[in-house]
Amino acid sequence: MKYVCQICGYVYDEEREKTKFSALPDSWTCPLCGAEKANFKPEREEEEQADAKKEEVSPSVGRETDTDMRQLSFGELSALCSNLARGCEKLYMSEESKLYTELAEYFRRAEPEPEESDMEKLSALIEADLANGYPELAGRAEADSDRGTLRICTWGGKVTRILDALVKRYKREGERLLYDTNVWVCTVCGFVYIGDTAPELCPVCKVPSWKFEKTEGRN
């Protein structure tokens, strides 16, 4: 039996590994991206889910977009401009990328200092994105044949899954998770990796290790 990581695509082959997947401890993680055991699905089930996604049509398609409009916070605007800057960089639009980077920094400075972090609230927001946000957006993109947005949904969903796994690990392990190690963030897709060195290739978007930035903790 083979099990596939939903984040990076790593395949755990029971025959090759000589160990049943069910026999692995709950603390076992993907050797490629660090995802938890729960992020693996049997190969056939994973293929069936992919086929089902192609066939399903989101019930929200065709809904009036005005009902979804809301004012973005400075932090959200900063993240949006930062993502646009990276998109422009990939398209070799250096001048546009620079302008979006400046806007991102402006909105970042305007964002009020965050309140004490609430891990339960963060978990709820991540789970809502995985359960509703990305499937809804992917449904609309599929209906419009918007390949760019579909790629965003694919990458964004995988990055959000690893964030979900890391938040759950942090809730269990606390600061021990981050002790004597580093946190790396892919500057292209946002994938987060915990380890001494960045992975040779990003498990999500496949860019090389030099595209990762080490995140420094706040004082």
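**Figure 1. Aromatic pairs in the predicted model.** In this predicted model, the count of aromatic pairs comes to nine. Tyrosine 10 and phenylalanine 40 are both buried.

**Figure 2. The pair of phenylalanine 21 and tryptophan 28.** The rings of phenylalanine 21 and tryptophan 28 also form an edge-to-face pair. Their centres are 5.9 Å apart, and their planes make an angle of 85°. Both of these residues, phenylalanine 21 and tryptophan 28, are buried.

**Figure 3. The aromatic cluster and the surroundings of phenylalanine 40.** Ring pairs connect Tyr3, Tyr10, Tyr12, Phe21, Trp28 and Phe40 into a cluster. When residues up to four places away in sequence are not counted, phenylalanine 40 touches Tyr3, Val4, Cys5, Tyr10, Tyr12, Phe21, Trp28 and Cys30.

**Figure 4. The largest nonpolar core.** In soluble globular proteins, nonpolar side chains tend to be buried together. The largest nonpolar core of this model comprises 29 residues. Cys5, Phe40, Cys186, Phe191 and Cys202 have the most contacts inside this core. At least two core residues come from each of strand 1 (2-5), helix 6 (147-173), strand 4 (182-186) and strand 5 (192-195). Helix 6 contributes the most, with three residues. Phenylalanine 40, listed here for its contacts inside the core, is also a member of the aromatic cluster.

**Figure 5. The setting of these views in the whole protein.** The secondary structure consists of six helices and six strands. Read from the N terminus, the order of elements is β-β-α-β-α-α-α-α-α-β-β-β. The protein has 219 residues, of which 31% count as buried. Among contacts between residues at least 6 apart in sequence, 53% join residues at least 24 apart. The protein exposes about 15000 Å², and carbon and sulfur atoms supply 51% of this area.

Conventions. Residues numbered from 1 in each chain as written. Predicted model: local features only at pLDDT ≥ 70, side-chain atom pairs only at ≥ 80, totals over all residues. Heavy atoms only, no water. Helix = DSSP H or I, 4+ residues; strand = E, 2+ residues; numbered from the N terminus. Buried < 20%, exposed > 50% of the residue type's maximum accessible area, 1.4 Å probe, protein only. Contact = heavy atoms within 4.5 Å. Areas by Shrake-Rupley, 256 points an atom, 1.4 Å probe, with all protein chains shown as cover. Core = buried A, V, L, I, M, F, W, Y, C linked by side-chain atoms within 4.5 Å. Phe/Tyr/Trp six-rings, centres within 6.5 Å; stacked < 30°, edge-to-face > 60°.
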